[in-house]
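Q: Take me through this one. Begin with the terms, please.

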Amino acid sequence: MKDAINIENKGDIIMSDFRKKVEEDWESYKKDKSKELYPNILLMGISGAGKSSLINKIFRVNLAKISNIRPETREFNFYSGKYYNMTVNLIDSAGYEMNQGKTYLKEINNILANGMRVSGEVEYIHVVWYCIPITNKRIEDIDIKMLKNFTTNITARDKVCIVFTKCDEDTEDGEIANEFRRILEEECNYKFPSFETSTDPEFDESLQLSELLNWSANAIDDDDLRKKFIGSQMHDLELKHREAKKIIVASTVSAAGIGAVPIPFSDSVLLVPVQVTMIGKIIDTYGVSNLATLSDAVIVDLVVSQLGKSFVTKIIKLIPIAGQVVGSLIDASVASAITGGLGTAISEICYRSVEKYLKGESVMWDQIFVKSEIMDIMKNYMKK
């Protein structure tokens, strides 16, 4: 009886240390996130071009000026993502029509090449959305002047795309947008990527908002910044899902490396940094961390519960061959299977939860991760 009590106490100590390790790694992940930079999207176009509606549609935010943020370049308004629970900064070209001279063009080129100073920091432009409403029935001279200016700078023009807005008021064949494309290509002697968009939900599928988001993600050449853009956009769930898959694959490779030399259950703590980071990145990719404050206990329990011995034993039995020969060890196949299954479960739950949110349904964010549901998804994952 005494030996049984000692073993039980020892197990409690191991799990206590294990939980502490998970908590430390999660805190480290959050701390690193707080120091990260955000991608910057420059919005251009005349007043009434539909920029605010476009932003609201994509990021689910209504922009308002923040008094303590003052760009040193007065012609622009800077909207910091940290004030809007998103990991993207938005820069709007204020006073656009009033600043059409060479000085303004020079300032735009300088910002695209060297960034703009905001609160003492340099913010570099990663993507330019040049908005042109098709409702005007014509392209303004300032639009042609600005776009022709961009073609003279190879680096700058690769960051620029044209966003035709209010395309729900175009003809069924998109005749106005197509004519605008023809005129711009002829005037600029260059074909900018262009996308037809609308904020009318009935036109989501027939137009090109998802194409705009995919182009923008690919135009951001820094991988971390690209992930932040994908996490902040709240329109294309498939874009988020594809990014989550990449995170899962990378994590399973790392986990397999740890299990290359089989480790006992007591050493499963070695998988914690990989799994904590994976869970954090997936949650960020779906924007769940922007939509709600998940308690640290939720994340910690996710890792602790699925790396517990009883849980791992059930999972191992689902893995062909490994379940028969591994015994009490975690090898490369088991480590990668557990990690891949967990990542897939987190991704599917986040996908469904955000989908409900986007449909206007109520979501209890601190209750979305249910152990039994995670187990069911992992079982299906192992059968594939």
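A: Buried means under 20% relative accessible area, exposed means over 50%, and partly exposed is in between (1.4 Å probe, protein chains only). This is a predicted model: local features need pLDDT of at least 70, side-chain atom pairs need pLDDT 80 or more, and totals for chains, interfaces and linings use all residues. Residues are numbered from 1 along each chain as its sequence is written, and side-chain values use heavy atoms, without hydrogens or water.

Q: How many residues of strand β3 are buried?

A: Five of its five residues, 89-93, so the strand is mostly covered. Strands here are DSSP runs of E, at least two residues; helices are runs of H or I, at least four; both are numbered from the N terminus.

Q: Which way do the β3 residues point?

A: Asn 89, Ile 91 and Ser 93 point one way. Leu 90 and Asp 92 point the other way. Residues on both sides are buried. In a regular strand, side chains alternate between the two faces of the sheet.

Q: Which strand runs parallel to β3?

A: Strand β1 (residues 40-44), joined to β3 by four bridges. Two strands pair if DSSP finds at least two bridges between them. Asn 40 sits opposite Asn 89 of β3.

Q: And which strand is antiparallel to β3?

A: Strand β2 (residues 76-79), over four bridges. There, Phe 78 has Ile 91 of β3 as its bridge partner.

Q: Switching to rings. How many aromatic pairs are there?

A: Ten. Rings of Phe, Tyr and Trp (its six-membered ring) pair if their centres lie within 6.5 Å; planes under 30 degrees apart are stacked, over 60 edge-to-face, the rest tilted. One of the pairs is Trp 129 with Phe 229: edge-to-face, 6.5 Å centre to centre, 80° between the planes.

Q: What does the pair of Trp 129 and Phe 229 tie together?

A: Trp 129 is in strand β6 (residues 127-133) and Phe 229 is in helix α8, so the pair ties together parts 100 residues apart in sequence. Trp 129 is buried at 0%, and Phe 229 is buried at 1%.

Q: What about Phe 195 and Trp 215?

A: Their ring centres are 6.2 Å apart with planes at 50°, so this pair is tilted. Phe 195 lies in strand β8 and Trp 215 in helix α7 (residues 209-219), so parts 20 residues apart in sequence are tied together. Phe 195 is buried at 9%; Trp 215 is buried at 17%.

Q: Which residues do ring pairs link into a cluster?

A: Phe 59, Trp 129 and Phe 229.

Q: New topic. What is the phi of Lys 166?

A: Near 60°, positive in a residue other than glycine. Lys 166 is in the loop between β7 (160-165) and α6 (175-188). Lys 166 is partly exposed, at 30%.

Q: Is Asn 189 buried or exposed?

A: Exposed, at 70% relative accessibility. Asn 189 is in the loop between α6 and β8 (194-196). Phi of Asn 189 is near 55°, again a positive value in a residue other than glycine.

Q: Last one. Which residues lie nearest the centre of the largest pocket?

A: Lys 33, Thr 87, Asp 284, Ser 289 and Asn 290, out of 30 lining residues. On a 1 Å grid over the protein atoms alone, a pocket is an open set of points where a 1.4 Å probe fits, with protein on both sides within 12 Å along at least five of seven lines; lining residues have an atom within 4 Å of a point.

Q: Which helix gives the largest share of that lining?

A: α10, with six residues.
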